Amino acid sequence: MKDRKKFLSVAFIPARMGSERIKDKNIYILDKHPMIAYSIRSAIDSKIFDKVICATDSKQYAEIAKYYGAEVPFLRPSEISNSTSADIEWVSYCLEKLNQNVTKYDI
């Protein structure tokens, strides 16, 4: 059987700080942990991703995300972190930033 190429996969956990309806909803405490922790731990514990990255515009959120095991290699710029920003903007930005390194993600 031929060797199969291993695809490198990344999970993005979005966590914009400027929520308009519920202030700081991403770090709202639910059963002793911030909401974002559940997404991060689920992605890590699934063992299907090579990296789990929190895509945030907040230093505070970044520290919380790191505590729960996500990587935060950069902060999202404010121009793609507002309530009218399309998801494709921050996803494209994150992929471009990550793929500037030697490692290229397929999925």
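Predicted model: local features only at pLDDT ≥ 70, side-chain atom pairs only at ≥ 80, totals over all residues.

Biologist: In what order do the elements of the protein run from the N terminus?

Modeller: Helices (H or I, at least four residues) and strands (E, at least two) are DSSP runs, numbered from the N terminus. Here there are three helices and four strands, in the order β-β-β-α-β-α-α.

Biologist: How many of the 107 residues, as a percentage, count as buried?

Modeller: Buried means under 20% relative accessible area, exposed over 50%, and partly exposed in between (1.4 Å probe, protein chains only). By that criterion, 35% of the 107 residues are buried.

Biologist: How many salt bridges does the structure hold?

Modeller: A salt bridge places a side-chain nitrogen of Lys or Arg within 4 Å of a carboxyl oxygen of Asp or Glu. The structure holds four. Among them is Arg-41 with Asp-45, whose closest N and O atoms are 2.9 Å apart; both residues lie in helix α1 (residues 35–46), four residues apart, about one turn of the helix. Another joins the side chains of Lys-51 and Glu-71 at 3.1 Å, N to O. Lys-51 lies in strand β4 and Glu-71 in the loop between α2 and α3 (87–98), so this pair ties together parts that are 20 residues apart in sequence.

Biologist: Which side chain of opposite charge is nearest to Asp-57?

Modeller: Lys and Arg count as positive and Asp and Glu as negative; His and the chain ends are not counted. For Asp-57, which is buried yet has no salt bridge, the nearest such side chain is Arg-76, 5.9 Å away. Asp-57 sits in the loop between β4 (51–56) and α2 (59–67), and its side chain reaches the backbone nitrogen of Met-17 at 3.0 Å.

Biologist: Which residues make the nonpolar surface patch?

Modeller: Patches are made of residues with over 30% relative accessible area and no salt bridge; like charges are joined within 9 Å, and nonpolar side chains (Val, Leu, Ile, Met, Phe, Trp, Tyr) within 5 Å. Tyr-28, Leu-30, Met-35 and Tyr-38 make a nonpolar patch of about 390 Å². Leu-30, in strand β2 (residues 29–30), counts as partly exposed at 44% relative accessibility.

Technical notes: Residues numbered from 1 in each chain as written. Heavy atoms only, no water. Polar contact = N/O pair within 3.5 Å; in protein donor to acceptor, adjacent residues only side chain to side chain. Areas by Shrake-Rupley, 256 points an atom, 1.4 Å probe, with all protein chains shown as cover.
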